[in-house]
Amino acid sequence: MENKNIIEIKNLNKWYGDFHVLKDINMNIKKGEIVVVCGPSGSGKSTLIRCINYLEQFQEGSINVDGIEVCDDVKKIKAIREDVAMVFQHFNLFPHLTILDNLTLAPIWVKKTPKKEAVETAMKYLERVGIADQAKKYPNQLSGGQQQRVAIARSLCKNPSIMLFDEPTSALDPEMVAEVLDVMVELANEGRTMICVTHEMGFAKKVADRVVFMESGQIIEENPPKEFFENPESDRLKLFLSQILSH
Amino acid sequence: MLSILRNQKVRGILFQLLTVIGLVAFLWYIGTNTLHNIEQRGIRTGFAFLDTTAGFAINESPISYSEASTYWTVFEVGVLNTLIVSFWAIVLSTILGLIIGVARLSKNWIIAKLASAYIDTFRNIPILLQILFWYNVVLATLPPPRKSIEFFNSIFINNRGIIVPKPIFGASGIYVVVGIIVAILAVYFINRWLNKRQEETGEEFFFLPWGILILLVTPYLFYLLGPDKIVWNMPHLKGFNFRGGKVFSPEFLALVFALTIYTATFIAEAIRSGIEAVKKGQKEAATSIGLSPYQSLKLVVLPQAIRIAIPPTINQYLNVVKNSSLATAIGYPEVVTVFAGTALNQVGQAIEMISMTMAVYLVVSLLVSMLLNWINHKMKIKER
Amino acid sequence: MVYEKVNEKPAPITSKGIIGWLRENLFSSPLNSAMTFLGFYFLYLIIPPFVKWAIIDAHFVGNSRADCTGTGACWLFIKAKLDMYMYGFYPLDLHWRPNTVYVLFGVLILAFKFIKNNMAKIVLFTLYMILVFILIRGGYFGLSVVDTNKWGGLMLTIIVAGVGIIASFPIGIVLAFGRQSNLPIIKSVSVTYIEFIRGVPLITILFMSSVILPLFFPEGVTFDKLLRALIGISFFQAAYIAEIIRGGLQSIQKGQYEAADAIGLSYWQKMLLVILPQALKVAIPNLVGSFIALFQDTTLVLIIGLFDLLAMVQLTSSDIHWLGFEKEGYVFVTIVFWVFCFAMSKYSKSLENRFNTDLK
């Protein structure tokens, strides 16, 4: 496996008005790496990954994705978004379209793929996530876990090299978390680059190459999972782990 | 250089620039055409016409107006008439709307159905049609002055309108006004004192009927203190028509009745949705902690219902003012009829005059939306 | 302890059935009973006299004024003038053209019941309006031209309302997008337009388009009177449509915008494929409400000299052969408007219900 950095974040700083939400973030992610980002709410972890695909804009620093710089250039933004897929906490499926249409929308309108091909690809990924039989249904007819799996399939349709997950299981009922995590574990084992913001520490322990702890807009500590969970170095990480791992 | 064009911010600026250029070009085009056309037709520009004599009569005016008055006075009369008719329609439609809105929610099936039928009927008939109906059908079938319907030999209803005695106050007018002010202040302060007393001692006092009594009696008492008594200008039949008294013309009445009945339907719906929006659990909780129906209405339900009902109701008031412009169809002399109508036909300076007319409504609109914002701000339920 | 099963028993007679219902809804308390009597008395005052005038004593058969002798309604007046109410001054021998329009309208409504695709409905409706234009005005396919000053009555009302709906819709959508935009100039232009139009009465806009609009264009460019009214009404309605659509846009969660961005859609692709369909769905009940208002507003064209249905009734009331029958005319036109508007509001309610069940 090459050791090339696929994402390089240098001295990233972001303000919401006067509020300094990301402070001097430096992070390099190699191709095929699985990185889990965790931390208390308000720590800026969602904001950070949203900067990568330009859903949020930053004032200082730079982000380089697969050789392309994240900036105002429309063409570059488009190229980055074709390469980077995002799975949201609230799924954000389009309720007025069928599951199948949700998946084929981008390939048809953005990549100009012929419909037949788009449908084939879509069905392939729906089968991957185990929802092929629901293709003609509407999102509101599916359970939360099913919807999230569809959302994952939707992002797979463009065969992205990088997948961003923004707390993908936080909005799910407990019994549905497992089915989504299973899909994510499979994807991880396929060699995709994944950045996951999540509280699911079991997932982190299983597949992560690296776990990053953020608080108040700053990266406090990062380590491979074994060291991260068994030997936390900073006091803040110790406190955080004691809070989330107590049950 | 081309890569700049791909910058999102640059694209945004470019797009806006194009829009501005397009707008300016369009305005320049119509501007030059208009100036040319105006010159061609010999129409003057500017507002000098406002000082010239109008030369036509206006049937009803709150300020003195004669054919020798200027066009500016015409404008003033128009605006005042707009405000007068709107005021009456707003007050009456609020009262009617409140009654219908509450009736709509009544447990009595007949009353609720009647209210519902009222709303469904008058909401689906165009307001202009309602105005014309009142004017041409109802008021036109009233008897001629000599055969008026009369009450107590002082109130007369006929096809020239409703004629009532007109009170002339003289010096005692001031006394009455002072009396009203004193009454309002008294009610306000007594209410405050009673609330304070309740907070300290827990004793409650049902002030509402007393408050109404004070408001009605005090001005009269003050009037009795005054030097002279009210002189009533009584209407009396002279020849074919009445002289004296205060006349509410059929144009005025048709407009007020139609606007009231039409607007009341929307106000009723606003009030109904306000009351319905207060969740059932609120009323249940109120009764379960022991509040009487009157108390739960006053302390729990109405405050929440009013929050929701006020913005659409105030919007309806704005609609009343705008709809008063339909008076043109029946000749009530409000601003559109006399200024953008008769006066415009004589002067011909359409742009100035229609702009002035529109400005009146825009000012009212602006005031109303400022009022709404202030109310919303005051009533905002604090959220986390 | 285990209990034996208790079977269902019928309810006591006073709490169910008609008697129960009467007790609960009409006579539950003395006050309630008093109100019930008042209500019935009120109905008694209004309904019988009206029925007597409109139906029992009314004259339905006959040919001329002479046949209307009694105190009842003279519906012969309506029968005699029906032609003008429906077609205005349209030449009698060409009545087949507006008649085709009416029939096709019925066909259109039926078709709407079966077509699910919203896009198809919009395209179909637009095609229909184009057909209406060709048929009514003529000048194409060998049809003789019928000048717009001959158009009138219900036909004109429907044309004005229909054109108003179609023309105001795209303008309103653009304005709504503009108001939501981040670009300050676009936003302020949209806001200014919308707030200005909403602040003034329709009649002033109609005056403006009647009197001032022709001044904007070089001499020789003549504006058909009807066209001026249509322009005024369309631009007026567009502002109200814009606010309704904006309400719909605001109800869409931010996540939808983000997901559309994340999968790479451009601004217009995002708005037209993802956001607008959802916004319109939410906005439909209010949109129908505003169309009902537009339909009622068409009556204002009588003030600028066009002869819509209401104007025709006014006009025929002054026919010297039929003096004194304004009542019948106004009652007739009231019923026509009421039926149209009530039907549309029932349709809107059914749409609302369908939309509410759609969500789950």
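I looked up what covers the buried residues of α9(A) and found that the cover includes β3 (34–38), β9 (210–215), β10 (218–223) and α8 (225–230) of chain A. The model is a predicted one. The helix itself spans residues 235–244, and I list its buried residues as A:L237, A:F240 and A:L241. They lie on the same side of α9(A), because they cover an arc of only 95 degrees around the axis. On the face turned away from that buried side I noted the exposed residues A:D235, A:L239 and A:Q243.

Next I turned to chains B and C. I count 50 residues of chain B in contact with 53 of chain C. The two chains bury about 4600 Å² between them, and 74% of this is on carbon and sulfur atoms. On the chain B side, B:Q16, B:N124 and B:M358 lose the most area to chain C, together 14% of what that side buries.

I then checked polar pairing. The elements of chain B that give two or more residues to the side touching chain C are α2 (8–41), α4 (109–123), α5 (127–138), α11 (335–347) and α12 (350–379). Of these, α2(B) gives the most, with 14 residues. By class, I record 28 nonpolar, 17 polar and five charged residues on that side of chain B.

Last, I looked at C:R179, which sits in helix α6 (residues 153–180) of chain C. Leaving out residues up to four places away in sequence, C:R179 touches C:K187, C:S190, C:V191, C:I194, C:E195, C:E243 and C:R246.

Notes
Residues are numbered from 1 along each chain as its sequence is written. Chains are lettered from A and ligands numbered from 1 in the order in which they are written. This is a predicted model: local features need pLDDT of at least 70, side-chain atom pairs count only at pLDDT 80 or more; totals for chains, interfaces and linings use all residues. Side-chain values use heavy atoms; hydrogens and water are left out. Helices (H or I, at least four residues) and strands (E, at least two) are DSSP runs, numbered from the N terminus. Contact means heavy atoms within 4.5 Å. Buried means under 20% relative accessible area, exposed over 50%, partly exposed in between (1.4 Å probe, protein chains only). The arc is that of the directions from the helix axis to the C-beta atoms. Buried area is the accessible area (1.4 Å probe) that two parts lose on being put together, summed over both. Ala, Val, Leu, Ile, Met, Phe, Trp, Tyr, Cys and Pro count as nonpolar, Asp, Glu, Lys and Arg as charged, and the others, Gly among them, as polar.
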